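Let's take a walk through this protein together. Have a look at the model, and then we'll peek inside.

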Amino acid sequence: NGTPYAIPADNPFVDKPGLDEIYAYGLRNAFRFSFDRGESHTMLIPDVGQNLFEEVNIGTRGGNYGWAIREGAHCFDPHNQNTPLPSCDTTGLIDPIAEYTHADGLAVIGGHVYRGATRPDLHGIYIFGDFSQNFGPTGRLFYIDMNNDRHTIYEVQLPEQYSPLNRYVYGFGEDDQGELYLLTTTSLNPNAPTGELFRIK
């Protein structure tokens with residue numbers, strides 16, 4: 001409740017310097033955060049990088065994720081954006097749980113932790129993607145095993161007819177049963193009738 005919205009009383013900057021609305025900061029372009037529907041309700045925040053790194057973070061109340069001091073876990077140089085600085089002050093900054101370079105993609109696209117019934121073997125797997133590897137229809141699908149090593153990113157092994165995907169990855173969706181969906185297109189033209197919706201199974 002609120003006009004036009006309400007601010008939770010336990011937000012980190014309520015009654016302190018800073019906007020009451022802020023929950024976390026130091027993110028460059030958080031693209032499609034989500035909450036794990038499982039018992040942990042972990043908040044996952046993928047963050048689109050500048051020139052070199054894409055990252056996935058665990059959402060933390062009041063957390064500072066480092067932009068523009070760092071891009072991913074690397075010190076960012078605004079004057080030479082293609083070469084990380086050898087050092088910087090990282091006091092209080094939260095490291096991403098995982099990152100990848102622009103050799104593997106250009107813009108991370110946030111997904112969901114799978115909690116559906118169709119594939120119980122995938123429970124606890126965070127499925128996400130990247131928009132494009134080279135500005136062409138070369139999107140990719142990745143995953144992180146949230147049950148074990150959260151720092152390693154794997155590529156999803158797609159069925160032969162969709163390997164490579166040959167599409168831009170635009171987003172992910174989740175239905176009431178926890179099943180996951182992938183939004184893609186083969187054209188960057190917003191008026192092109194090439195959008196496709198896939199269920200991940």
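When we sort residues here, Ala, Val, Leu, Ile, Met, Phe, Trp, Tyr, Cys and Pro count as nonpolar, Asp, Glu, Lys and Arg as charged, and the others, Gly among them, as polar. Keep in mind that this is a predicted model, where local features need pLDDT of at least 70, side-chain atom pairs count only at pLDDT 80 or more, and totals for chains, interfaces and linings use all residues. Residues are numbered from 1 along each chain as its sequence is written, and side-chain values use heavy atoms, leaving out hydrogens and water.

Let's start with the holes. A cavity is a set of points, on a 1 Å grid over the protein atoms alone, where a 1.4 Å probe fits but cannot get out; its lining residues have an atom within 4 Å of a point. Points are joined across faces, edges and corners, and the volume is the space filled by probe spheres set on them. There are two cavities of 30 Å³ or more.

The largest has a volume of about 60 Å³, and its lining includes Arg28, Asp47, Trp67 and Glu71. That lining splits into three nonpolar, four polar and five charged residues. The second largest cavity has a volume of about 40 Å³. Around it sit Leu52, Phe53, Glu71 and His74, among others, and the lining divides into five nonpolar, three polar and two charged residues.

Is histidine 112 buried or exposed? Histidine 112 counts as buried because its relative accessibility is 14%, and buried means under 20% relative accessible area, with a 1.4 Å probe and protein chains only, while exposed means over 50%.

How values were computed: 1 Å grid on protein atoms, 1.4 Å probe; cavity = no way out; pocket = protein on both sides within 12 Å on 5 of 7 lines; lining within 4 Å.
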